[in-house]
Amino acid sequence: MSELQPNKTILRLELPTDPRWVNIAEKNIEEILVDHAYCEQKAATSAISLIVKYPDKTKLVDELTDLVAEEWSHFERVLEQLKKRGYGLGRNRPDEYVVQLSKHIRKGDKRERQLMDHLLVNALIEARSCERFKLLWKNIQDEELQKFYYELMVSEAGHYVSFVKLAKEYMPFDVVDARFKELLQIESEIIRNLEPRPDRMH
């Protein structure tokens, strides 16, 4: 996956991040790193929840077990960046982007369709994180953080691809593609209506 270079074609995001976000993020790097740490923690927790909910899906369990370990290692790495700069973890804060996106996971549907929605929503979160890591890598002045966010960008691109592939493991390709197009539109509207904030990764 280290060869994967994320771009619009791969990530399929309909709306790019507001260019103001990078400047806001760089001026508030402590807040961004704190929020990023919690994002990595939540990503690991989300994958664990899917393993617990779908223990009969062997491929899912195998792939997400590896993903949990990687997300937790990212959490540890963000903590290291915070400590290097004399910052603490700080408080957790709601991720309005994830909250709004998760509302579109259909409830009371067939088990496999619910799983597909969970996987595709996770894929979108990874795609948006990947896009923002790319912006940080290319635009911030801190050389250590440039390298850090390049490495995480590549990793998040791999996670995005894994979630989409897992969805296609358990549902027909055309069904997954149709649903993903719907969710991409929904995600773009969420991004359009969220004001860039100095204390949020998303």
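1. Cys130 has a relative accessibility of 0% and therefore counts as buried (buried is under 20% relative accessible area, exposed over 50%, partly exposed in between, with a 1.4 Å probe and protein chains only). Cys39 is buried as well, at 14%. The structure holds zero disulfides (a disulfide being a pair of cysteine sulfur atoms within 2.5 Å). For Cys39, the nearest cysteine sulfur is that of Cys130, 14 Å away.

2. This is a predicted model, in which local features need pLDDT of at least 70 and side-chain atom pairs count only at pLDDT 80 or more, while totals for chains, interfaces and linings use all residues. Residues are numbered from 1 along each chain as its sequence is written, and side-chain values use heavy atoms, with hydrogens and water left out.

3. The largest nonpolar core has 63 residues (such a core is a set of buried Ala, Val, Leu, Ile, Met, Phe, Trp, Tyr and Cys residues joined through side-chain atoms within 4.5 Å). Leu60, Leu64, Leu119, Tyr149, Tyr160 and Met201 have the most contacts inside this core. Helix 7 gives the most to the core, with 14 residues (helices are DSSP runs of H or I, at least four residues, numbered from the N terminus).

4. His159 lies in helix 7 (residues 143-170) and, at 5% relative accessibility, counts as buried. Not counting residues up to four places away in sequence, His159 touches Leu67, Glu70, Glu71, His74 and Glu126.

5. The axes of helix 7 and helix 8 (residues 173-193) come within 8 Å and cross at roughly 130 degrees (axes are lines fitted to C-alpha atoms, for helices over the stretch in contact, with angles from 0 to 180 degrees between N-to-C directions). Helix 7 is therefore oblique to helix 8 (under 35 degrees is roughly parallel, over 145 roughly antiparallel, 65 to 115 roughly perpendicular, and the rest oblique). Tyr160, Val164, Ala167 and Lys168 of helix 7 meet Phe173, Val176, Asp177 and Phe180 of helix 8. The residues of this contact divide into six nonpolar, no polar and two charged (Ala, Val, Leu, Ile, Met, Phe, Trp, Tyr, Cys and Pro count as nonpolar, Asp, Glu, Lys and Arg as charged, and the others, Gly among them, as polar).

6. Arg12 sits in the loop between helix 1 (8-11) and helix 2 (20-27). The phi of Arg12 is near 65 degrees, a positive value in a residue other than glycine. Most residues other than glycine have a negative phi. Arg12 is partly exposed, with a relative accessible area of 26%.

Notes. Helices (H or I, at least four residues) and strands (E, at least two) are DSSP runs, numbered from the N terminus. Contact means heavy atoms within 4.5 Å.
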